[in-house]
Amino acid sequence: MISGRLKLLRVVTLVFVASTSVYAEWVDPTVLDACPGYKVENARSEGAKLTADLLLAGTGCNVFGTDVAKLALEVTYETDARIHLKITDPSTQRYEVPESVLPRPKASDQVNPKSATIHFNYTTSPFSFTISRTRTSEVLFSTGSHPLIFEPQYLRLKTDLPEEANIYGLGEHTDPFRLSPYNTTRTLWSRDAYGVPSGTNLYGNHPVYFEHRTTGTHGVLLLSSNGMDIKINNTESAGAMTLEYNVIGGVLDFYFLAGSETDPNEVARQYAEIVGTPAEVPYWSFGLHQCRFGYNNYVDVADVITNYSAAGIPLETMWTDIDYMDRRRIFTTDPTYFPIPKMREIIDYLHDHDQHFVLMTDPAVPYLPNEGYGPYDRGTTDGIFMKMPNGSQALGLVWPGVTVFPDWFNPKTQEYWTNEFEMFYSPETGLDIDGAWIDMNEPSSFCVYPCIDPFAQAITQGLPPNRTTPAPPPDVPILGGWTDPNMHKRSTGDTGFDIDNPPYNIENAAGALGSLTANVTSVHENGLVMYDTHNLYGTMMSVATRNAMLARRPGQRTLVITRSTFAGAGAHVGKWLGDNFATWDQYTESISGILSMATVYQVPMVGADICGYAQNTTEELCARWAMLGAFYPFMRDHNDDTSIPQEFYRWPVVAQAAKNALEIRYRFLDYIYTAFHQAHLDGTPVLRPLWFNYPQDPVTFGISLQYFFGSSLLVSPVTAENSTSTTLYLPKGRFYDLATLMPIDSPGGNVSLSNVSFTEIPLHIRGGVVLPLRASGAMTTTELRKKPFEIVVAPSASGEASGQLYVDDGVSISPSETTEVTMTFKNGRFDTKGKYGYRTGVNIQSILFLGVGIKPESVQVQVAGKMMSMAESPFVHDASSQTLNVTVGQLLAGDISVVIQS
Ligand SMILES: *[C@@H]1O[C@H](CO)[C@@H](O)[C@H](O)[C@H]1NC(C)=O
Ligand SMILES: *[C@@H]1O[C@H](CO)[C@@H](O)[C@H](O)[C@H]1NC(C)=O
Ligand SMILES: *[C@@H]1O[C@H](CO)[C@@H](O)[C@H](O)[C@H]1NC(C)=O
Ligand SMILES: *[C@@H]1O[C@H](CO)[C@@H](O)[C@H](O)[C@H]1NC(C)=O
Ligand SMILES: *[C@@H]1O[C@H](CO)[C@@H](O)[C@H](O)[C@H]1NC(C)=O
Ligand SMILES: *[C@@H]1O[C@H](CO)[C@@H](O)[C@H](O)[C@H]1NC(C)=O
Ligand SMILES: *[C@@H]1O[C@H](CO)[C@@H](O)[C@H](O)[C@H]1NC(C)=O
Ligand SMILES: *[C@@H]1O[C@H](CO)[C@@H](O)[C@H](O)[C@H]1NC(C)=O
């Protein structure tokens, strides 16, 4: 004990000397493990709930503050598959993530702990606990010999892990999808993380992990928004792996999810029960989005729209970054560079051509007292900006210069935000956006720590910058002379806390907690302090922005894309992966990024900046990335103002690559839309790592360069520069090469492909699925919805397949009519069964059966119980591709069957 404390003190002294150190005080693990822990008293079980007191079991070790003497433990079996465990300090009101931000799931009334699939057990003295699978007694989580530490600004809880544990989650990060179990620290503290460096804390925070074993997959959520380091390492004792939470506030609020012994999708669904299932997005939002920072004026914006059209590349949505603003002030446009009438003309043009428009809105409101700037004046009158402890407005420094930050906890802030959106984004007089893009909401501040004089720093940093390009003439004809806008149709009060410099320093890559963000001592209207709520800011802005957008078009879904997220954000908004670099590494790392968001965190509307945000892309990288990006759920090309332009039409190879991949993406659009609908219903992920589909195959556990788009389209991009070959893993089973449609029976192993040109991406269909494809792509999603369906039946080796199709109007939050079809194939018989409430007005043109080696004797098509003649439904067998193409030519409005006789 004593010597341990001495060791610790020495290190702390060192850290104080090196006062700019951004790293946590390193503590010899033996010091922490020598803490006394707690002992259990007054344990009481009542039905599905156990409560107990935890008393400090000896002299406190007081590592980062005084150990709390008495804690309260509460364990509840909330469902058969979920245990909720909370450890709090009953003597004081400590911060917890407010229900208003993340409503807690309800517990079932009737859970019998004996029949639950996971089980809580504990030892009394010292207190430790395990969570295990009831059926097999396999231990999933065990605090073992690691004492619990609970101090005002330091909480530690640590679990043993199996050797070579497969841990996924604990983001946002650009580390490998499967986290290394050696020497890994995951820091959770929202940060404007330019270049998204690996091994650091990034924009958002998801304190959840899934752990996968061949015996099952389970999940653990620590519901905390406080700053924390989670450490995974193998050095405690010989070979033993551990995961350790080091948290600087709040309480220990854990959810343990049983997942399943066989299907990894279950743990994702169980997590969605806590954080909410993803919001549905409009059909159009799956189209191609184009953006950049550095469109200098309205002419630039209009030209990009024209050029996409001329190049024959489908552009669904045009975006504009902060360039449009007057001196970078939100809710303004530059009167000369982006005049409102010209911007309205562009938006009207887009809407008239079934295209869409999105603009960026930042949270920071420029601090402009007495200058007649409405957004500041109205917010000040309403008192809705973050305040310092002395009641003055908390100031930061962002693009427009000195700023204030909306306090999303203030009950008046939603109304303020909705009103600002209503005015600025007015369809009648303003910019009628179709979606919202929210950035800088960590919240980011450029004010260098300590932010004593933001006004002086605004001058040294040159904020806001002046424009460096000449103004466009006010009357340049744009959009090919198109001029008919009229055609437009449509806390806690904890005292004694050192908030600015807590004793345990998390490994925030920005340095001190308050560095380059809003001051962490600033307070919300309800008394909560930014120290506790910092990690929630982006998600709270997301919710307020979505509500503001829904108020503009009641009853209609919207698209809001945010940079910062917290657990639960996906129930409201989508996310782009932030300011990446145009490098091959970041191109491949984006796969882990989208998988983590879509599969683990329930934020499926996700994509990285295609071709890279910062630094100059190359033709080859951009071509490869355009094709990978076609299999991101959210597909957007975006880059910064110092890099070369990278719209897909800039190079012939990139244009061709984009066209090829977009044709496939659009043909698969109803398939992915159906997957999103399913995700919205129950949390089934829209993207899957390989191990989700092959949970028994250990080779798949570490794969992060391939994934499934939806349940069954395997995406295996070429990942190396100057290469036209790639090696991909095909698990054991039946696949079909999408390019040739030929079946492949994989024994489970690597496959090498060569001659993969810069305009091709390897794609395989997993056997066993029925895909509702459109017969062709289109220039807009509106046009796409008029294309007939071509159903593709890709049977497993045993000759079976199934799939789903969901269609609605593509925009209503609660569509009055829907079409929901289940498609099955078995014993040579294909059937659709469903309800056809939403009239698509399009045909099922044909059904293409894959893997049909021998021409069948006969094929019979039945529509609504009536047999069709051969003349009405001819079939073509192609021996070389082993396909059978059956013409149907019937409205997608009733059940059909196809019987194949060999
Ligand atoms: C719970 O743990 C105790 C030892 O701490 C052990 O004796 C007991 O068998 C365990 N119960 C179950 C159901 O695992
Ligand atoms: C992991 O353990 C090694 C050896 O004790 C140590 O050097 C390293 O700092 C540890 N890493 C973390 C993240 O705790
Ligand atoms: C652990 O990781 C840190 C940070 O990346 C590194 O500096 C250190 O050398 C690593 N230690 C070991 C033992 O691998
Ligand atoms: C935040 O405000 C406190 C006063 O409440 C001040 O001491 C501290 O330096 C400020 N921090 C930053 C990052 O500006
Ligand atoms: C912008 O230009 C004005 C007028 O020339 C000047 O006063 C101001 O300092 C300039 N701002 C920056 C950031 O350069
Ligand atoms: C990108 O290319 C432009 C134009 O060639 C050049 O001015 C700029 O320095 C390049 N940027 C980087 C980061 O290489
Ligand atoms: C790819 O080729 C280019 C042009 O020859 C060269 O500059 C670059 O270094 C090559 N990259 C790799 C990874 O070989
Ligand atoms: C299948 O037949 C339809 C006509 O019924 C045709 O339009 C379609 O291109 C064919 N598909 C293939 C893959 O040959």
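A: Begin with burial. A residue counts as buried if 20 or more other C-beta atoms lie within 10 Å of its own, and as exposed if 12 or fewer do. This is a predicted model. Buried residues make up 55% of the 902 residues in the chain.

Q: What radius of gyration would a compact globule of 902 residues have, and what does the chain have?
A: A compact globule would come to near 29 Å. The chain has 28 Å, which agrees. Its C-alpha atoms fill a box of roughly 90 × 70 × 50 Å along the principal axes.

Q: How many helices and strands does the chain have?
A: The secondary structure comes to 16 helices and 48 strands.

Q: How do I read a sheet?
A: Strands of a sheet pair through backbone hydrogen bonds, either parallel or antiparallel. Take the open sheet of six strands here: its order is 30-31-32-37-34-35, with antiparallel pairing. Strand 30 (687-688) and strand 35 (743-746) stand at the edges. Each has a single partner strand, so one side of each is left without a neighbour in the sheet.

Q: Which residue stands opposite Leu713 in strand 37?
A: Leu713 faces Ile765 there. Strand 32 (residues 713-715) and strand 37 (residues 763-766) are paired antiparallel over three bridges.

Q: What joins strands 40, 41 and 42?
A: Bridges, counted pair by pair. Strand 40 (residues 801-807) and strand 41 (residues 819-826) run antiparallel, joined by seven bridges. Ala801 stands opposite Phe825 in strand 41. Strand 41 also pairs with strand 42 (residues 829-836), antiparallel over eight bridges. Glu820 stands opposite Lys835 in strand 42.

Q: How many residues lie between strand 41 and strand 42 in their hairpin?
A: Two residues separate them. Asn827, in the turn, has a positive phi of about 50 degrees.

Q: Is Met440 buried or exposed?
A: Met440 is buried, because 25 other C-beta atoms lie within 10 Å and the cut-off is 20 or more. Its phi is positive, near 60 degrees, though Met440 is a residue other than glycine. Met440 sits in the loop between strand 24 and helix 8.

Q: Is Asn183 buried or exposed?
A: Asn183 is exposed, with 10 other C-beta atoms within 10 Å. Asn183 has a positive phi of about 55 degrees although it is not a glycine. Its loop runs between strand 11 and strand 12 (184-188).

Q: Which residues are around ligand 2?
A: They are Asn183, Thr185, Lys231, Asn233 and Thr235. This shell divides into no nonpolar, four polar and one charged.

Key:
Residues numbered from 1 in each chain as written. Chains lettered and ligands numbered in written order. Predicted model: local features only at pLDDT ≥ 70, side-chain atom pairs only at ≥ 80, totals over all residues. Pairing = 2+ DSSP bridges. Helix = DSSP H or I, 4+ residues; strand = E, 2+ residues; numbered from the N terminus. Near = placed C-beta within 6 Å. Nonpolar A, V, L, I, M, F, W, Y, C, P; charged D, E, K, R; others polar. Rg over C-alpha atoms; globule rule 2.2 N^0.38 Å.
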